[in-house]
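User: Hi, I'm new to this one. Can you walk me through some charged pairs and a helix packing?

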Amino acid sequence: MKTLEQLIRPHLRKLNPCTSIEEQAPLAENVIRLNANENPYNKPLNRYPDPLQLELKKTLSALKKIPTDNIYLGNGSEEAIDLVYRIFCEPKVDNVVAIAPTRMRYKRLAEINNIWYKPVLLDTDFQILPDKLLHACDQHTKVVWICSPNDPTGKPIQRDAIHKILTLFDGIVVVDESYIDFSQQPSIRHELKKYSNLIVLDTMSTAYGCAALRLGMAYATKEIIELFNNIKYPFNISSLAQKQAIETLKDSFEIDKWVSTIVQERTRMLHAFSVLPECTQVYASEANFFLAKMKDAGAIYQYLREKGISVYDCSHLPLCENCIRVTIGSKTENNLLLAALRQY
């Protein structure tokens, strides 16, 4: 395994932190703040937010059982994805390997950062073939992307396969767990001490119902988190987003109820789709969505749009010909979808 110093881009090895942790820490209320060119009026919106989101991280730490030093918060999980490219991948030189099909953001941000993106097909059960994936890696492969449960399949990736890649790959392995709260599989974030090359992504958008906040999390070693904090934009999470996130996380009973209801509805929808004449296969899911193979996904997609219902046509993705991805909505929304499909 290469050292972190060897993995990061050469010019970043000598980059000094823009400010010390002490300087970034929020100032006490009684301190006269004349150091940041803020407007003294319109409190509390006149003050910059805590750049390290310390109060929110403490709340998350208690909930996720992860030390605050191992938590990074970004403007959506996309910010953490982008930082991985900016920290570890040299444009036009390095490459990344990802499973396919998977989230489109990994490829999109690779293109923006001018990094070669190499997809490796999953098997017909939507699982990783570790040896095949590792064979696609070379001396310039810096990152492997794994989404589990995967999008758009909804299937968790077998943990043994992830462990093998973490052990044998000489670089960073990012496991995106944006949908882990809907899965029976335990989070891999609790294995950070075992794998120093592991980064785990999480989000407030799905289980916590806070997509509007654009708040994503990354869990990693203290050293990787320090790199993230050094490279990120200052004040990347607004005070309003931090405050609302803390309030949401305090109501764990309500969150558990949302997740439980979505999982129950997922079971009902999987069965309902399995008996639809236009559906040829429904894939088991451990996310807040599922994948269904239709006789004609394009026609179904267009028909539903005309009915004012939006699903995602996955036909352009590998292994997903004539498939649609359906997000689990409220019971009323789900019933309207089923009613429309039964009338097709």
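User: Is Glu254 buried or partly exposed?
Analyst: Glu254 is partly exposed, at 23% relative accessibility. Buried means under 20% relative accessible area, exposed over 50%, and partly exposed in between, using a 1.4 Å probe and protein chains only. This is a predicted model, where local features need pLDDT of at least 70 and side-chain atom pairs count only at pLDDT 80 or more, while totals for chains, interfaces and linings use all residues. Residues are numbered from 1 along each chain as its sequence is written, and side-chain values use heavy atoms, with hydrogens and water left out.

User: Which residue does Glu254 form a salt bridge with?
Analyst: That's Lys257, with the closest N and O atoms 3.4 Å apart. A salt bridge here is a side-chain nitrogen of Lys or Arg within 4 Å of a carboxyl oxygen of Asp or Glu. Both residues lie in helix H10 (residues 252-274), three residues apart, about one turn of the helix. Helices (H or I, at least four residues) and strands (E, at least two) are DSSP runs, numbered from the N terminus. Lys257 is partly exposed too, at 41%.

User: Is Arg9 buried or exposed?
Analyst: Buried, with a relative accessible area of 14%. Glu90 counts as partly exposed, at 25%.

User: New topic. What angle do helices H3 and H9 cross at?
Analyst: Roughly 25°, and the axes of H3 (residues 54-64) and H9 (residues 239-250) come within 9 Å. Axes are lines fitted to C-alpha atoms, for helices over the stretch in contact, and angles run from 0 to 180 degrees between N-to-C directions. That makes H3 roughly parallel to H9, since angles under 35 degrees count as roughly parallel, over 145 as roughly antiparallel, 65 to 115 as roughly perpendicular and the rest as oblique.

User: Which residues make the contact?
Analyst: From H3, Glu55, Leu56, Thr59, Leu60 and Leu63; from H9, Gln242, Ala245, Ile246 and Leu249. Contact means heavy atoms within 4.5 Å.
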